[in-house]
Amino acid sequence: MKVLNMSERHSEVSPLIDVMRADCSVCPHRVLLAEGKCVPGDICLTAQSGRQIDRFLRRNPQIAQGYLADGFWERRAIAARYAPLELMRQMPRDVDEVVRRVVASRLPIDELDDYLHDTDREVRMTVAERIAPERLTAFIGDEDYLVRLQAAKRLPHGQLRRMVGDEDREVRKEVARRLPSFALGMMAKDEDAEVRRIAAARMLPADAAKMLADSDWVVRLEAAQLAPLENIAGLVDDDEPDVRAVVRQRLNEVRF
């Protein structure tokens, strides 16, 4: 039988042969069958099926701690969901990233130091979702944009400025959504129009006025809705009809 490597094992469903009924006669927990606590082919710990294993340990969580060192990565990962937290603290660092993700999702947030620089990005993302916001600076320079994006969603405003120049536009878009309005002038010259659009829609009026000549008409539209009236008159003849309409509406409201 082919031995799957890590990426193959985690991206494919279990082969059909693995979800067939296991041999109950050799199962160390076969006594549970008579008690209705397992069902061959559906709720089974020895099957090579994550769904069956999860159903079994959900029903029999007291057994999970005995499988934290099991040879099958998926059985270890599922056992880690149900085993007592104290045992999670004692577990050596697992070689499998899925197991490490489960552990990182369960440990108290002040016990995640060993996972801050994990080689797996989803482990780091899990940590970034849970760790105290003031400690998220560890992820500002992460090599993976999804990890940095998660950090940008939770970083305190004072640290968020450090991500204004992030190389990924999705990260910068999140920064533009979260920065205080008074700080958005820092993003007025961003190379990406979508980032500038988000920033222009939240800027202080004086900063929005500086965006009225932007090359992107949506940026001009957003800026025209916030900029002081004395600054928007020059856009009454803008090439874009929606911009002209907003400018004229605002000017007309003042007249009446």
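**Close-up 1. Helices H11 and H13 are roughly parallel to each other.** In this predicted model, two packed helices are shown side by side, and such a pair is described by the angle between the axes and the distance between them. Helix H11, which covers residues 193-200, packs against helix H13, residues 217-224, at an angle of about 5°, and their axes lie 8 Å apart. Because angles under 35 degrees count as roughly parallel, this pair is given that description. On the H11 side the contact is made by Ala 193, Arg 196, Arg 197 and Ala 200, which meet Val 218, Val 219, Glu 222 and Ala 223 of H13.

**Close-up 2. Val 175 belongs to the largest nonpolar core.** In soluble globular proteins, nonpolar side chains tend to be buried together. The largest nonpolar core of this model has 73 residues, and those that touch the most other members are Leu 57, Phe 139, Val 175 and Met 187. When residues up to four places away in sequence are not counted, Val 175 touches Ala 152, Leu 160, Met 163, Val 164 and Met 187.

**Close-up 3. Cys 24 and Cys 27 are shown with Cys 44, and the count of disulfides is zero.** A disulfide is a covalent bond between the sulfur atoms of two cysteines, and the rule used here asks for sulfur atoms within 2.5 Å. For Cys 24, the closest cysteine sulfur is that of Cys 44, at 6.2 Å, which is too far for a bond. Cys 27 is likewise in no disulfide, since the nearest cysteine sulfur, again in Cys 44, is 6.2 Å away and the cut-off is 2.5 Å.

**Close-up 4. Arg 148 is a buried residue in helix H8.** Helix H8 spans residues 145-154, and the relative accessible area of Arg 148 is 4%. With its neighbours within four places in sequence left aside, Arg 148 is in contact with Phe 139, Ile 140, Gly 141, Asp 142, Glu 143, Met 163, Asp 166, Glu 167, Asp 168 and Val 171.

**Close-up 5. Asp 114 is exposed in the loop between helices H6 and H7.** This loop connects helix H6 (97-106) with helix H7 (121-130), and Asp 114 has a relative accessibility of 60%. The C-alpha atom of Asp 114 is separated by 9.2 Å from that of Ala 104, a residue 10 places away along the chain.

Key
Residues numbered from 1 in each chain as written. Predicted model: local features only at pLDDT ≥ 70, side-chain atom pairs only at ≥ 80, totals over all residues. Heavy atoms only, no water. Axes fitted to C-alpha atoms, helices over the stretch in contact; angles between N-to-C directions. Helix = DSSP H or I, 4+ residues; strand = E, 2+ residues; numbered from the N terminus. Parallel < 35°, antiparallel > 145°, perpendicular 65-115°, else oblique. Contact = heavy atoms within 4.5 Å. Core = buried A, V, L, I, M, F, W, Y, C linked by side-chain atoms within 4.5 Å. Buried < 20%, exposed > 50% of the residue type's maximum accessible area, 1.4 Å probe, protein only.
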